[in-house]
Amino acid sequence: AMPLLAVRDLTIALPVGGRMVTIIDSVSFTLGAREILGIVGESGSGKSMTALALMGLIDAPGARITGSARFKGRELVGLPQRAFRDLRGREIAMIFQDPMTAFTPVYTVGWQIDEQIRAHGRVTRKDARARTIRLLGDMGVPDPARVADRYPHQLSGGLRQRAMIAMALSCNPSLLIADEPTTALDVTVQAQILDLLRRLRREYGSSVLLITHDMGVVAETCDRTMVLYSGIIAERGPTGAVFARPGHPYTAALLDSIPPLHGARPARLPSIPGSPPAPADRPAGCPFTPRCAYAHDACAVRPPLLPRGVQDIACVLPAEGRDLPARCATV
Ligand code: SF4
Ligand code: MG
């Protein structure tokens with residue numbers, strides 16, 4: 001069957017200091033119906049940029065996007081803005097870390113969701129409100145009729161996040177892109193929102209692209225995982241396999257940085273010294289070389305992404321017969 005989304009060699013270059021710099025380099029992945037794919041990496045790894053490209057929201061002057069991203073067979077790369085506007089909200093919706101960016105402060109939450117519903121079809125105000133209340137209820141909002149009459153700032157962070165997801169789902173998008181949806185929330189609310197994302201595919205038939213820096217979030221939510229480093233795929237595969245037997249030293253380092261269950265989740269990764277190179281300063285070989293405990297001469301040539309069992313790994317170690325140790329505990 002044709003995947004819902006097939007991204008092939010997606011490459012995004014931006015002009016930086018008078019030259020074109022490749023921010024995202026040949027990223028490929030597919031997303032099936034009702035599948036949740038995690039895109040994970042530190043900040044600056046290109047996760048959000050990938051998502052914005054799929055939404056037609058890269059508006060940097062001089063940006064050059066090449067490769068292919070087929071959504072339901074339709075090419076998104078080079079799609080005119082008018083067509084993108086039509087897709088956004090109706091077919092592809094996005095939720096963010098901060099719901100205040102999705103809502104305006106001056107109208108009630110319910111009114112804003114009503115408007116979103118009415119913008120995409122002939123619906124009376126009364127029917128839209130009934131749908132809004134049902135959606136909020138589906139999102140686990142207690143007393144949805146009352147919450148609908150609140151202004152965004154009157155709601156807790158968790159309720160705001162649920163309301164934003166309700167608004168994103170109001171037009172039954174087949175693809176939901178969630179960019180760090182739980183990063184600002186405490187651990188309990190975070191678990192509830194992740195549970196909600198898992199339920200969406202059952203009850204709404206949605207596929208989800210979940211963008212996060214947190215391997216713990218991936219473990220709890222995603223069928224497959226793709227690890228990005230400096231705009232390049234380091235590793236991808238089924239989540240269980242990636243967690244049990246990471247093939248790329250960066251993946252292993254990310255896994256080592258998962259805090260203990262119920263612990264506070266750090267925004268940074270304490271176990272990997274240093275930070276990813278800015279795309280303009282990316283080394284010619286493997287971009288992880290400066291931070292990698294296994295770096296050696298062979299790493300001076302960029303390793304291609306090659307299959308290893310059920311995973312794909314961009315590292316010279318597997319070809320050298322030097323697999324990383326399997327992890328005894330999964331999360
Ligand atoms: Fe480390 Fe070399 Fe593998 Fe890159 S290619 S992750 S530097 S061992
Ligand atoms: Mg980001």
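Mentor: Let's begin with the space itself: the largest pocket holds about 340 Å³. On a 1 Å grid over the protein atoms alone, a pocket is an open set of points with protein on both sides within 12 Å along at least five of seven lines, whereas a cavity is a set where a 1.4 Å probe fits but cannot get out; lining residues have an atom within 4 Å of a point. Grid points are joined across faces, edges and corners, and the volume is the space filled by probe spheres set on the points.

Keep in mind that this is a predicted model, where local features need pLDDT of at least 70, side-chain atom pairs count only at pLDDT 80 or more, and totals for chains, interfaces and linings use all residues. Residues are numbered from 1 along each chain as its sequence is written, chains are lettered from A and ligands numbered from 1 in the order in which they are written, and side-chain values use heavy atoms, leaving out hydrogens and water.

Now the lining: 15 residues, with Met-94, Phe-96, Ala-102, Gln-116 and Met-167 nearest the pocket's centre. Strand S6 (92–95) and H6 are the elements giving two or more residues to it; helices (H or I, at least four residues) and strands (E, at least two) are DSSP runs numbered from the N terminus. By class, the lining has 10 nonpolar, 4 polar and 1 charged residues. Here Ala, Val, Leu, Ile, Met, Phe, Trp, Tyr, Cys and Pro count as nonpolar, Asp, Glu, Lys and Arg as charged, and the others, Gly among them, as polar.

Axes are lines fitted to C-alpha atoms, for helices over the stretch in contact, and angles run from 0 to 180 degrees between N-to-C directions. Val-109, Gln-112, Ile-113 and Gln-116 of H3 touch Ala-163, Ala-166 and Met-167 of H6, contact meaning heavy atoms within 4.5 Å. That contact has 5 nonpolar, 2 polar and no charged residues.

H6 (residues 157–169) also meets H7 (residues 187–204): their axes come within 11 Å and cross at roughly 20°, so H6 is roughly parallel to H7 too. Among the residues in this contact are Ile-165 of H6 and Leu-196 of H7.

Notes. Angles under 35 degrees count as roughly parallel, over 145 as roughly antiparallel, 65 to 115 as roughly perpendicular and the rest as oblique.
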